[in-house]
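Let's take a walk through a protein together, one region at a time. Keep the sequence and the 3D view open while you read.

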Amino acid sequence: LWDEFHPNLYLLTVHSGDDVYETNFGLRQISIKGRQLYINGRPLFLRGTVENCLFPETGYPPTSKEEWLRIFKKCKDYGLNHVRFHSYCPPDAAFCAADETGIYLQPEGPSWPNHGVKLRSGQPIDDYLLEESYRIINEYGHHPSFVMMAAGNEPAGNWVSYCNDWVRQMHDYDSTRVYCGASV
């Protein structure tokens, strides 16, 4: 099984006629019992940091696995095992590097809906956040490091009912990770 101490990965190769598809994957189970997180049936204690997408030299997050390996190895050197991505989802290279290093990732929906935009007030943000969340799961959901997800950050409006519904809908869509409505 995959976890922070044993980031075991496997290679899946699919042949269909002349087409060949390969992908890495890992097997793990994250769950909650009461107020305790568990990974593969063992208590999980998160020691993390917030990645605020601050890359002043480029203006965007790294897109190479090597650069994310450098970042995540530095996290591990400091005893961290978790990275929350503040109001964004990192590129695939970050997930690949986290898979290899045993870092638990928490991407968030690309929203900070409290600056003019409000949830459940008839604005397009409601549908956008759910649809974008599905796209994130579809694209990155096979990565074992992708253990948690939040809808966004510091919501406003009728956000409690929206976030409760979002968590339920996301869990129904893919129950292999933990969801929270928002980071507040």
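Predicted model: local features only at pLDDT ≥ 70, side-chain atom pairs only at ≥ 80, totals over all residues.

Two strands count as paired if DSSP finds at least two bridges between them. Residues are numbered from 1 along each chain as its sequence is written, and side-chain values use heavy atoms, with hydrogens and water left out.

Now to the hairpin. Strand 1 and strand 2 make it, with two residues between them. In that turn sits G17, whose phi is positive, about 65 degrees. Strand 1 covers residues 10–16 and strand 2 covers residues 19–25, and they pair in the antiparallel sense over seven bridges.

Next, find strand 6 (residues 48–51), which pairs with strand 7 in the parallel sense over four bridges. Here E51 stands opposite F85 in strand 7. Which way do the residues of strand 7 point? H82 and R84 point one way, V83 and F85 the other way, and all are buried. Buried means under 20% relative accessible area, while exposed is over 50% and partly exposed is in between (1.4 Å probe, protein chains only).

That brings us to the nonpolar cores. A nonpolar core is a set of buried Ala, Val, Leu, Ile, Met, Phe, Trp, Tyr and Cys residues joined through side-chain atoms within 4.5 Å. The largest one here has 32 residues, and those with the most contacts inside it are W68, F72, L105, M149 and W166. Helix 1 (65–77), strand 7 (82–85), helix 2 (92–101), helix 3 (125–140) and helix 4 (159–173) each supply at least two residues of this core. Helix 3 gives the largest share, six residues.

Zoom in on M149. Not counting residues up to four places away in sequence, S133 touches M149, W166 and M170.

Over in helix 2 you'll find D99. Is D99 buried or exposed? D99 is buried, with a relative accessible area of 2%. Its contacts, not counting residues up to four places away in sequence, are W2, P7, L9, H143, P144 and S145. D99 and N8 are 91 residues apart in sequence and 8.3 Å apart in space, C-alpha to C-alpha.

On a 1 Å grid over the protein atoms alone, a cavity is a set of points where a 1.4 Å probe fits but cannot get out, and a pocket is an open set with protein on both sides within 12 Å along at least five of seven lines; lining residues have an atom within 4 Å of a point. Grid points are joined across faces, edges and corners, and a volume is the space filled by probe spheres set on the points.

The largest pocket holds about 160 Å³ of space. Its lining includes T49, E51, W68, F72 and V83. Helix 1 provides the largest share of that lining, six residues. By class, the lining divides into eight nonpolar, one polar and three charged residues. For these classes, Ala, Val, Leu, Ile, Met, Phe, Trp, Tyr, Cys and Pro count as nonpolar, Asp, Glu, Lys and Arg as charged, and the others, Gly among them, as polar.

How many cavities of 30 Å³ or more does the structure hold? It holds one. About 40 Å³ of space lies in the largest cavity, and its lining has eight nonpolar, four polar and no charged residues. One of the lining residues is N153, which sits in the loop between strand 9 (148–150) and helix 4. N153 is buried, with a relative accessible area of 3%.

Key
Contact = heavy atoms within 4.5 Å.
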